[in-house]
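Please open the model in your viewer and keep the selection tool at hand. The stops below take one selection at a time and say what is found there.

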Amino acid sequence: MKTMTILRGLAVLLLGLASACTAAAPREPNVVVVTLDGVRAQEIFGGMDAEIARAADEDGEDAGQFDRYRGDSAAQRRARLMPFFWGTLMREHGWIAGNAALGSRVRLGNRMRFSYPGYAELLTGVPRDDSVTSNAAIQSPYPTVLEFVRERLRLPRAKVAAFGSWDRFAGIAEHTRGSITVNAGFMPFVDSDPGIRRLDAIQAQARTWRHERFDAFTAAFALRYLERERPRLLYVGLGDTDEWAHAGRYMDTLEALALADRFLQTLWQWLQSQPDYRDNTVLLIATDHGRGRTVRDWSDHGPDVEGAQDVWLALAGPGQARRGELRQAPDLRQGQIAASIAALFGLDLRDMEPGAGEPVQETLRRP
């Protein structure tokens with residue numbers, strides 16, 4: 001009897017020790033990266049641009065429709081445009097750099113100032129003006145941070161994934177085809193869920209642009225993949241904002257940004273509802289390039305468009321002590337994003353790209 005009592009006591013003690021060890025063990029980090037194509041700092045930090053809206057009203061584009069985004073201050077306008085981003089994400093969980101009015105700047109290193117070169121810099125760590133000079137459908141000439149993380153952590157292919165509205169992400173996301181999971185443009189997305197299967201069946205029929213599906217499809221597929229495969233690193237490239245801007249449709253551009261905000265809300269709330277993602281997942285949000293600063297050129301970007309070099313960067317999640325907008329901060333470069341992604345996994349991007357800059361985390365630690 002005494003022996004049984006002792007054994008039971010030891011079992012309880014061992015179970016308690018095992019539970020304590022499990023609770024104390026650090027969980028593996030996860031990173032989700034979301035890019036909003038061609039979103040100007042003006043809308044991110046100031047909401048609707050009154051002058052551009054006025055010009056659109058005068059053209060009869062959307063008379064009266066802009067009222068929902070009006071406000072007496074930049075803070076009011078941006079909160080009406082992106083209520084989750086500004087009301088919850090940046091207030092409670094993270095920070096954003098790139099508001100030049102507050103002494104914070106994020107700039108492109110590449111001279112091209114359009115999409116593929118912007119993504120190449122963002123994902124490989126340095127400008128690639130020697131080899132990425134157009135938006136042609138080429139495979140990335142250099143390995144990306146997505147491939148680097150997968151290789152160094154020895155992850156299964158399914159644990160690093162990229163979903164993009166633009167079909168060019170099929171090449172942008174990886175140097176070696178098949179090294180990570182990629183779904184871009186109008187690629188099929190195979191899944192057992194009947195709703196997702198229906199979306200997959202109609203994505204190519206609901207086509208407005210030749211090389212890009214609507215973000216609603218990309219968002220749905222990425223969220224389902226996140227739920228199904230539980231990746232450690234997920235990249236989501238949304239593109240509606242850039243397409244509508246190129247068309248000169250300012251109201252649609254604002255609506256696309258508002259929809260992106262709702263996607264971020266759904267994504268963040270889901271991450272926080274999952275034990276394996278809650279409080280150990282960093283959400284990084286950025287853009288590939290800026291646009292012109294005036295009513296005349298707001299829809300344009302490229303080497304000769306002033307303002308297209310101005311971008312922004314936001315981080316939310318564990319380890320982000322700062323909140324809201326950075327003020328009087330060190331200048332940051334687009335290429336530092338790749339190093340920052342690697343650093344969140346405890347890796348040094350310079351092991352892949354010796355010319356890479358330091359992670360933004362290190363830059364901001366300096367006095």
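This is a predicted model: local features need pLDDT of at least 70, side-chain atom pairs count only at pLDDT 80 or more; totals for chains, interfaces and linings use all residues.

Begin by selecting helix 6, residues 115-124, where 10 of the 10 residues are buried, so this helix is largely enclosed by the rest of the structure. Buried here means under 20% relative accessible area, exposed means over 50%, and partly exposed lies in between, with a 1.4 Å probe and protein chains only; helices (H or I, at least four residues) and strands (E, at least two) are DSSP runs numbered from the N terminus. Among the buried residues of the helix are Tyr116, Tyr119, Glu121 and Leu123.

Residues are numbered from 1 along each chain as its sequence is written, and side-chain values use heavy atoms, with hydrogens and water left out.

Next, step back to Arg113, in the loop between strand 3 (106-107) and helix 6. Its phi is near 65 degrees, a positive value in a residue other than glycine, and Arg113 is buried, with a relative accessible area of 16%. Most residues other than glycine have a negative phi. For a second case, select Asp279, in the loop between helix 12 (250-273) and strand 7 (281-286): the phi of Asp279 is also near 65 degrees, but Asp279 is exposed, at 54% relative accessible area.

Now display the aromatic side chains, among which a search of the whole structure finds 14 pairs. Rings of Phe, Tyr and Trp (its six-membered ring) pair if their centres lie within 6.5 Å, and planes under 30 degrees apart count as stacked, over 60 as edge-to-face and the rest as tilted. Phe163 and Tyr225 form a tilted pair, 5.3 Å centre to centre with 55 degrees between the planes. Because Phe163 lies in strand 4 (residues 160-164) and Tyr225 in helix 10 (residues 215-229), this pair ties together parts that are 62 residues apart in sequence. Both Phe163 and Tyr225 are buried. Select also Tyr119, Trp166, Phe169 and Tyr235, which ring pairs link into a cluster.

Finish with two arginines: Arg78 lies over the face of Trp86, 3.7 Å from the ring centre, and the charged end of Arg128 sits over the ring of Tyr142, 3.7 Å from its centre. A charge sits over a ring if NZ of Lys or CZ of Arg is within 6 Å of the ring centre and within 35 degrees of the ring normal.
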